[in-house]
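Please read the following walk-through alongside the sequence and the coordinates, taking each chain in turn.

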Amino acid sequence: MTISISRILSATALVVGLSLPFGAAYALDGTLTIVTSYPPDTTTAFQKAFEKKYPGVKVEMLKKKTTAGIKYIQETVANNKSDMFWASAPDAFEVLKGDNLLSKYKVKVQGIPEKVGAFPINDPDGYYKGFAASGYGIMWNTRYLKAKKLPPAKEWADLKKPIYHGHVGMSAPSRSGTTHLTVETLIQGMGWDKGWAEWKEIAGNFNTITERSFGVPDGVNSGQFGLGIVIDFFGLSSQASGFPVEYVYPTVTTLVPANIAIVKNAPNQAAAEAFIEFLLSTEGQELLLDPKIRRLPVNPATYAKAPEGFPNPFKDSSIGAAVKFDLDLSKGRYNVVNSLFDVMITYRIDELRAAVKAVQDAKAKMAGKSNEAAAKLIAEAEALIAAMPVSEAKASEPDFAKIFKKKRKKATTKITGRQAEVEAEWDAQVTANYAKAVELANKAASML
Amino acid sequence: MSFIAKSQRGPVGIGVLIALFLALFLLVPVVKVIYVAFQEAGTGAFTLINFVDFFRSALFRESFYNSLYVSGMSVVVASLIALPLAYFTTRFNFAGAVIIQTLGIIPLIMPPFVGAVAMKLLFGSNGSLNLLLDEWFGLNLPIMEGLNGVIFVQSIHYFPFILINLSAALNNIDRSMEESAQNLGSHGFRMFRRVVFPLAMPGYIAGAALVFIKVFDDLGTPLLLDVNKMLAPQAYLRISSIGISDPMGYVISVILIAFSLLSLYVSLLAMKGKDYATVQKGGGGLSKRDLRPWEKIGCYAVVLFILAIVLSPHLGLVLLSFGTIWSYAVLPDGYTIAHYFKVVGEASQFITNTLLYAGLAATLDVILGTAIAYIVYRTGIPGRKWLDYGATVSLAVPGVVLGIGYLRSFYNVNVPFINEPLATWWVIIVIALTIRRLPYALRACIAAIQQVSVMLEEAAENLGATKSHTVRRIVVPLMSGGILAGFVTSFATASVELSATLMLVSQESDAPLAYGIYEFMQSASGRGPGAALGMIAVIIVGLGTYVSHKIIERTDRRRVAARPVAEEVTA
Amino acid sequence: MTALQTQSSEVVIENLSLSFGATEVLKKIDLVISPGEFFSFLGPSGSGKSTLLRAIAGFGPTPKGRILINGEDVAKLPPWERNVGMVFQSYALWPHMSVARNVAFGLEERKLPRAEIDRRVMEALELVDLVDYAQRRPSQLSGGQQQRVALARTIVIEPRVLLLDEPLSNLDANLRVQMRRDILALQRKLKLTTIFVTHDQEEANTTSQRMAVLNNGILQQVGAPMELYDNPANSFVAGFLGTANILQGAVKSLGDETKFVTAAGLQLPHISAAPDAHSIAIRPQNVHLRAPGTGGALAMAGEVAEVEFLGSILRYAATLGGETLLVDHSHTPGEPVFAVGDTVDVVLDADKFIML
C-alpha cells in the first residue's frame with residue numbers, strides 16, 4: 001500500500017515537474033535539512049538563492065566536518081532527519097553508499113559532461129552527483145616567503161627541497177577527505193613505494209599536520225607556516241578574501257568533483273531533488289564563481305561568465321588530466337592508507353622530520369664532493385625512511401583491509417589481527433627505521 | 001527500622017528521581033559508548049585484549065605520558081599564575097584586588113579554541129611576539145610549539161579554578177591562626193609556607209585536581225594546536241575517523257574516564273581529615289595590611305604582568321575582530337567594524353540560544369546541586385553519598401563521549417507531541433550542558449550547605465516548620481550566596497562549551513554561540529566575523545557573570561549585617 | 001623543676017592611643033605593669049581591653065604613644081620581633097600540625113638546634129602535663145587540653161611577657177576554675193609577667209595582683225582588686241566591680257545637715273565629705289530592711305518591689321522616695337521573708353557610702 005502511494009506521489013511530482021517550464025517553481029514546502037562540510041560563505045549563498053526560488057522551503061544547513069557528518073548520518077540512521085549530504089570528498093560519499101545510506105537520483109538538468117579531468121563527475125551507480133570540481137595544489141603566503149627569502153613551490157617535488165624544511169603544512173588524510181584524495185592521487189600517479197617515499201620526503205619538511213583541512217589555509221593565511229597543500233577553493237577564496245596568498249595547480253594532480261547526495265529515507269525528498277536541480281542549473285552554477293566560494297563549475301556553459309584568469313578545466317587540459325584516478329583501488333585501501341599515513345607521518349612527525357633533516361644535512365655536506373662510503377650510507381638512510389611496513393598488494397587485500405573496517409557484514413566474519421595490534425607493529429618498525437636513518441646520515445656527514 | 005522514617009520520605013523520593021536522571025543521562029549513554037572497548041572486534045565477545053593492545057603500543061604509551069605531563073605542567077603553571085593573585089587579594093589592602101577578582105574569571109568565559117586561535121597569532125612561531133623578538137634580538141621563543149602551547153593555553157584558561165578555590169580557602173582561615181604564628185616569631189613567606197598555605201591546602205588541592213582533570217580530558221585545545229600525541233585527541237581522532245572500526249578510541253575513553261576518577265579519588269584522599277574550616281565567631285579572614293609604596297609598585301607590576309598574559313587571548317580576539325587582514329605581521333594591516341555588521345544579523349539567534357541553554361542548564365544545575373547537597377549532608381538516607389559521586393563523575397567524562405552516547409541512546413526515542421527524536425531536540429543540548437556542568441554547581445552548593453549551621457534548621461523545626469518549609473525558608477536563603485556562585489560558574493562555562501554541543505546540534509537554528517564561532521572560523525573570510533562573534537560572546541557572558549556577582553555581593557552583605565554581632569567588636 | 005628560662009619584664013604603656021579608621025578605640029592609656037606581676041585588663045565588651053592586649057602583641061593598627069618592655073619601645077615593631085607570648089581566645093592551634101609540632105613552631109622559627117627544640121618541647125609539655133599527647137592532632141584533644149597546648153606553645157619560647165586573651169571563655173564552668181588555678185600556679189612558678197584579659201570580675205579578682213578597668217577605650221582605674229572594690233574611682237568602676245546602687249544627685253545643705261539629694265528627691269542622711277560629688281554608690285549589703293517601726297531613728301519607709309533568692313543571700317528591690325535600691329540580706333533558714341508589696345523600714349549604713 002504505502003509503496004504504491006509513494007510511487008503515485010513521486011510519479012505525479014515527476015509529471016508536474018516535467019510539465020512546467022524549466023526554472024519555474026512548483027509548490028514545495030517544509031524544511032530541507034542538509035548535512036554539509038561547507039563554510040557559511042558557500043552555504044548561505046545557496047540557501048538564500050534556493051529559499052528565494054522556493055519560498056515555501058526552509059533550508060537548514062547542518063554544518064559538520066566531513067568525517068563528523070558521516071558519523072552523524074551513520075549514528076542517526078534509525079530515525080533519519082537529514083535530507084542531503086553535501087561535501088567535497090567522493091570517498092566520503094563512497095562510505096555512505098557502502099553503508100547503504102544514500103538513495104539514487106537521476107538528474108534532469110542537461111549539458112553536464114561525463115568527466116572533469118580524468119574523473120567521472122557523477123557516481124556511476126547514480127547515488128551521488130558532482131556539482132563542482134576541485135583540484136589540489138599548493139598555496140603560499142607571499143609575505144612569509146619574502147621574509148624568509150624563499151621561492152614559491154610549484155610542483156609537489158619542490159616541496160621536498162631542504163629550503164622548505166619546517167615551512168610546509170598539510171592536513172592528515174584520516175581527518176580530511178580532500179587530503180586523502182591528494183595523498184591517494186600522488187600514490188596512484190607515482191606508484192605505491194615511490195609515492196609514499198615522496199610523501200615522507202615532503203612530510204619531512206612539514207611544520208604542522210593540522211587536524212582540520214581548513215587548518216592548512218588558516219595556517220598559511222596567518223603566516224604560521226609558509227606553504228600549504230590544499231584544495232583549490234581554500235587557496236582561491238583566501239586570496240579573494242584579501243590574504244597575501246597565491247595558489248597553483250601542480251602538474252601531477254587530479255580534478256575531482258565535489259558532490260551532493262540525497263540521504264536514504266529523506267524526510268523531504270521533493271525539496272532535496274529540487275535542490276540538486278537548482279545546484280546544477282545555470283543559476284546555481286554561477287553562484288560558484290563568487291570570489292568567496294570559488295569552485296570550478298561542472299556545467300561548462302557557466303565559464304562564459306567567469307572572471308578573467310578563472311581556471312577552466314574543460315578548456316585547459318593542463319589541469320588535472322595527468323593522472324587517471326582509480327576509484328575502486330582508492331576505495332579498497334581507503335582506511336589502510338589513512339592508517340599508514342597516521343602511523344608513519346602524523347604521529348611520528350618529529351622522528352620523521354629529524355630523519356629527513358639529517359639526510360638533507362648530509363646531502364648538503366656532500367655537495368660537490370665524492371665519497372662513495374658516505375653516499376652509500378645516505379642512500380641507505382633514504383631507503384630506511386622510504387621503507388614501507390606493508391606492500392601495495394597486501395594493502396589492497398580485502399581480508400587485510402577488513403581489519404580497518406567498521407561494519408562487518410556478519411558477526412561470524414573471521415578477522416585475523418586487530419588494528420591496534422597491526423599499527424603498533426608498524427609503529428615499532430617505522431620508528432626504528434627513522435632512528436637508524438638519523439644515525440646513518442649523521443655517520444655519513446661525519447665522514448665528509 | 002526496616003522502612004524509612006516519615007520525615008525522610010520526601011528526600012528519598014527526590015533522591016531516587018535524581019539518581020534516575022543521572023543514570024539515564026550520564027551512566028547509560030557513557031556505557032553505550034565505552035562497552036565497545038570491551039568487545040572483541042568482529043565477534044562482540046567480552047575481552048580485555050584491547051587494553052593489552054593499548055599498553056603494548058608505543059604511541060599510546062607516549063600519548064599517555066604526554067597527557068600526564070601536560071596536565072601536571074598545566075597545574076604547575078596555573079598555580080604560578082593563581083598563587084600570587086590569590087595571595088595579594090587575600091593579604092593586602094590592594095586596589096588591584098577588584099581587578100583581579102573581576103578579570104580572574106574572564107578566561108573561563110572564552111571558548112578555549114577561540115583562545116587558541118588568538119594565542120597562535122600572538123605567541124606562535126611567526127606570531128606578533130616572535131616577529132618582534134626576531135626583529136630586535138633575532139630570538140624565537142617556542143611558546144606555542146607542541147606540548148608547550150597546550151600547557152600555555154590550558155593554564156591560562158583554567159587557572160581561575162585554582163584562584164577561586166584557593167582564595168575561598170584563604171578567606172576561611174581564622175586570623176588568629178596567622179597571628180599566633182607571628183606571635184611566635186614567624187612572618188612573611190616563611191609563615192605563608194608553614195602555616196597559611198597548609199591551611200589553605202584543601203582548597204588548593206580541589207582547584208588543582210579540577211585543572212588536572214579538565215586538561216587531561218580536554219580535546220579542543222590540543223586539536224586546535226595540532227597536537228595529536230595525547231590521549232584525548234587520540235580518542236577523538238579514532239572515534240571520528242571515517243568508517244574506522246578501531247575500538248582503541250573507546251579504550252582510550254575508558255582510560256581517560258578511569259584516570260580522571262582516580263585523580264578525583266586521590267584528591268579526596270589527600271583532603272581527607274584536612275577540613276580546616278578554622279573561621280570562628282564570624283571574625284574570619286586573614287588580616288590585610290596596607291602596602292608600602294614600593295611594595296605596591298611591585299604588586300601592581302606582578303599583577304599587571306600576569307593579567308597581560310592571561311588576557312592576551314582576549315586582546316588577540318579584539319584585534320582579530322577589528323582587523324582587516326592579519327597575516328605574518330605584528331598587527332593587522334588595517335581596522336574595520338565590518339565584521340561586527342556581518343555577524344549582527346546572525347548573532348541574535350546564537351545569543352538567544354546560548355542564553356536559553358546556559359541559563360536553563362545552570363538553573364537545573366543549582367536545583368540538582370542544592371537537592372543533592374541537602375540529601376548528602378542533612379539526611380541519613382543510605383547510599384546518599386553515591387548521588388554526590390555520581391554527579392561528580394561527569395567531570396571525568398569527555399564531552400565527545402557524552403555527545404556520541406546521547407546520539408546512540410536517544411535517537412530512537414521520540415519526544416511525544418514534538419514528534420522529533422530526543423537526540424535532535426534542542427532540549428538534549430540543555431541536558432548535556434546540565435550534566436557537564438553539574439559538578440561545578442554541586443561543589444558550590446555543598447560548600448554553602450556546610451556553612452549553614454544545623455542549629456538554624458533545628459530552630460525552624462522547633463518552631464513548627466516542616467522539612468520542606470525549613471528547606472525553603474531557612475536552608476535555601478542561607479545558601480543563596482553559594483547557590484548563585486554555582487549558577488555563575490555553571491552558566492559562564494556552559495555558555496562556551498563546544499565539545500558536546502558540536503555533536504548534538506542538529507539544526508543551525510538551534511546552535512549556540514560557541515558553535516557559531518567555530519563555524520565561522522572554518523573559512524578564510526570568516527575569521528574576522530568569527531572573532532567578532534567571539535567578542536560578543538565574551539561580553540555577554542561577562543556581563544551576565546558581573547551581574548550575578550553583584551547579586552552575590554548584595555546577599556553576602558545582607559547576611560553579614562544579619563549576623564549576630566560577636567564579641568570581637570574591637571578585635 | 002623546669003629548666004625553662006623565664007624573665008620578669010616590666011611593661012610600661014605611655015600615652016597610648018589607637019584608632020580603627022575614624023573611631024578612636026583607645027584613648028591616652030598610661031599604665032605600668034611590674035616585673036613578674038599577674039595583671040588583668042577588665043572591662044565590658046567593646047571597652048578596648050582586647051585591643052590594648054593586641055597592641056602589646058603588635059596586632060591591629062599601629063598605635064600612637066609608647067609601649068616599653070624593659071625600657072625598649074616595641075610599639076612600632078612587627079609582632080614577630082617582640083617576643084611576647086600570646087594565648088588566643090580560640091587557642092589558634094594549627095590543625096595540620098601535631099601537638100609537638102605546634103609547640104616546636106616558635107623554637108623552629110628561632111632556628112634552635114633540633115635537639116634543643118625537642119628537649120624544650122618535652123619540658124613545656126611536661127609543664128602542662130601533656131607529654132603523652134605529643135603526637136596527637138589538636139582536633140583529638142578536649143578543650144582544656146587544647147588550652148594547655150596553647151599555653152605550652154607560648155611559654156616554650158620564653159617570652160618577655162605572657163598575654164592571655166580571655167583564655168577561659170571557651171571552657172565549661174568547672175574546668176574554668178581548675179584552669180584558672182593551673183594558670184596561676186604556672187605563672188607563680190615561672191614568675192612571668194602576665195597580662196590577662198577578661199570581662200569576668202571573678203576571674204580577675206581571684207588571679208590578679210593588680211588590674212586595670214577599662215571602659216570605652218578609657219582607663220578607669222588601676223589597683224589591687226580589693227582596693228578597686230572598696231574605693232572605686234567612679235560610678236562605672238563601682239558598678240562594674242560587684243553590684244552597687246548608684247544614685248545621681250547633689251550634696252545640699254538642708255538646715256544644719258548636709259544631705260545628698262537624688263534626682264528623684266530622696267534625701268540621704270549625713271555624708272562625710274566630697275561636697276562636689278554628684279553620685280553616690282551604696283553596696284546592696286549596706287542596705288537593710290526591717291519590719292515597719294523597727295528600723296530605728298534613721299530608717300526610711302519603703303516598699304518591697306521584688307524578691308530574688310540567690311542561695312546564700314536574698315536580694316530585694318525596695319522603692320523609697322522615688323528610687324529603687326537593691327538590698328542583699330544573708331539568708332538564714334527559717335527566718336521570715338518579706339513579700340512583694342510589704343511596707344518596710346529601710347536602713348542605710350551611712351558610713352559605707354561611696355561618694356563619687
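Where in chain A is R212(A) found? In this predicted model, R212(A) lies in the loop of chain A between β9 (206–210) and α8 (215–222). The residue is buried and yet has no salt bridge, for the nearest side chain of opposite charge, that of D218(A), is 4.3 Å away, whereas a salt bridge would require a side-chain nitrogen of Lys or Arg within 4 Å of a carboxyl oxygen of Asp or Glu. Leaving aside neighbours within four places in sequence, R212(A) is in contact with K65(A), S171(A) and D218(A) of chain A, and also with L224(B), Y518(B), M521(B) and Q522(B) of chain B.

In chain B, helix α6 (residues 128–137) has S128(B), N130(B), L131(B) and L133(B) buried, and the buried residues of α6(B) pack against α5 (112–123) of chain B. Just after α6(B), G138(B) takes a positive phi of about 65°. Elsewhere in chain B, L27(B), V28(B), V31(B) and Y35(B) form a nonpolar patch on the surface, with about 360 Å² of accessible area together. Of these residues, V31(B) is found in helix α1 (residues 9–34) and is partly exposed, with a relative accessible area of 43%.

Chain C brings us to a sheet. Here 4 strands form an open sheet in the order β2-β1-β4-β5, with antiparallel pairing. Because β2 (23–33) and β5 (72–73) of chain C stand at the edges, each with a single partner strand, one side of each is left without a neighbour in the sheet. Strand β1 (residues 11–20) of chain C is joined to β2(C) by 7 bridges, the two running antiparallel, and L16(C) has I29(C) as its bridge partner in β2(C).

Terms used
Residues are numbered from 1 along each chain as its sequence is written. Chains are lettered from A and ligands numbered from 1 in the order in which they are written. This is a predicted model: local features need pLDDT of at least 70, side-chain atom pairs count only at pLDDT 80 or more; totals for chains, interfaces and linings use all residues. Side-chain values use heavy atoms; hydrogens and water are left out. Buried means under 20% relative accessible area, exposed over 50%, partly exposed in between (1.4 Å probe, protein chains only). Lys and Arg count as positive and Asp and Glu as negative; His and the chain ends are not counted. Contact means heavy atoms within 4.5 Å. Patches are made of residues with over 30% relative accessible area and no salt bridge: like charges are joined within 9 Å, nonpolar side chains (Val, Leu, Ile, Met, Phe, Trp, Tyr) within 5 Å. Accessible areas come from the Shrake-Rupley method with a 1.4 Å probe; for residues, only the protein chains shown count as cover. Two strands pair if DSSP finds at least two bridges between them.
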